[in-house]
Amino acid sequence: MSTAGYCSARDSIKKVLEASKTVGVVDEQVLRRFVKVNVQGADLNTWVYMGPSGDYVIVPGVFCSCSDFTIRVVGRREKCYCKHLVDQALSEKRGLYRVVDLGSFDEYIKVLNEVFTQNLTSTLRKKLYTR
């Protein structure tokens with residue numbers, strides 16, 4: 001993609017999803033690493049990818065905190081999306097994700113802070129594994 005061209009991540013991801021209908025492109029275990037984060041009393045659309053080497057904050061079709069998104073999508077404008085945005089959309093479409101309900105906006109901010117500063121959210125992991 002040229003820097004002069006317009007890139008719509010949502011449209012591009014939609015095309016990738018349509019192409020993936022016939023191909024089992026992504027391992028289901030990868031899709032299950034996505035967590036939809038709900039906050040009581042707030043209408044947010046935030047997800048976290050809990051990867052083997054770190055966690056990433058995702059706003060579907062818009063943003064991912066991974067370095068590929070920062071460098072190749074935003075910085076160099078080489079492509080419209082990172083693999084996490086595509087995989088998140090696929091996991092949502094297939095229903096292969098987990099949901100965590102956070103009790104407060106402060107807890108939500110804590111999760112985001114952990115991902116952005118430590119590349120890992122212990123708060124979200126505790127919520128997932130101590131049910």
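Analyst: Start with a term: buried means under 20% relative accessible area, exposed over 50%, and partly exposed in between, with a 1.4 Å probe and protein chains only. A second term concerns the elements: helices (H or I, at least four residues) and strands (E, at least two) are DSSP runs, numbered from the N terminus. The model is predicted, local features need pLDDT of at least 70, side-chain atom pairs count only at pLDDT 80 or more, and totals for chains, interfaces and linings use all residues. Residues are numbered from 1 along each chain as its sequence is written, and side-chain values use heavy atoms, leaving out hydrogens and water.

Now the part itself, helix H6. The buried residues of H6 are Thr123, Leu124 and Leu128. Looking down the axis of H6, these buried residues fall within an arc of 135°, so they line one face of the helix. The arc is that of the directions from the helix axis to the C-beta atoms. Lys126 and Tyr129 are exposed, on the face of H6 turned away from its buried side.

What covers the buried residues of H6? The cover includes E1, E2, E5 and H5.

Take H5 next. Helix H5 (residues 105-118) and helix H6 (residues 122-129) pack at about 120°, and their axes are 7 Å apart. Axes are lines fitted to C-alpha atoms, for helices over the stretch in contact, and angles run from 0 to 180 degrees between N-to-C directions. The two helices are therefore oblique to each other. Under 35 degrees counts as roughly parallel, over 145 as roughly antiparallel, 65 to 115 as roughly perpendicular, and the rest as oblique.

Contact means heavy atoms within 4.5 Å. H5 brings Glu107, Lys110, Val111 and Glu114 to the contact, and H6 brings Ser122, Thr123, Leu124 and Lys127. By class, that contact has two nonpolar, two polar and four charged residues. Ala, Val, Leu, Ile, Met, Phe, Trp, Tyr, Cys and Pro count as nonpolar, Asp, Glu, Lys and Arg as charged, and the others, Gly among them, as polar.

Then the sheet. Five strands form an open, mixed sheet in the order E4-E3-E2-E1-E5. Two strands pair if DSSP finds at least two bridges between them. E4 and E5 are the edge strands, each pairing on one side only. H5 lies across E1, E2, E3, E4 and E5.

Tyr108 sits in H5. At 8% relative accessibility, Tyr108 counts as buried. Its contacts, leaving aside neighbours within four places in sequence, are Val37, Val39, Leu44, Thr46 and Leu102.
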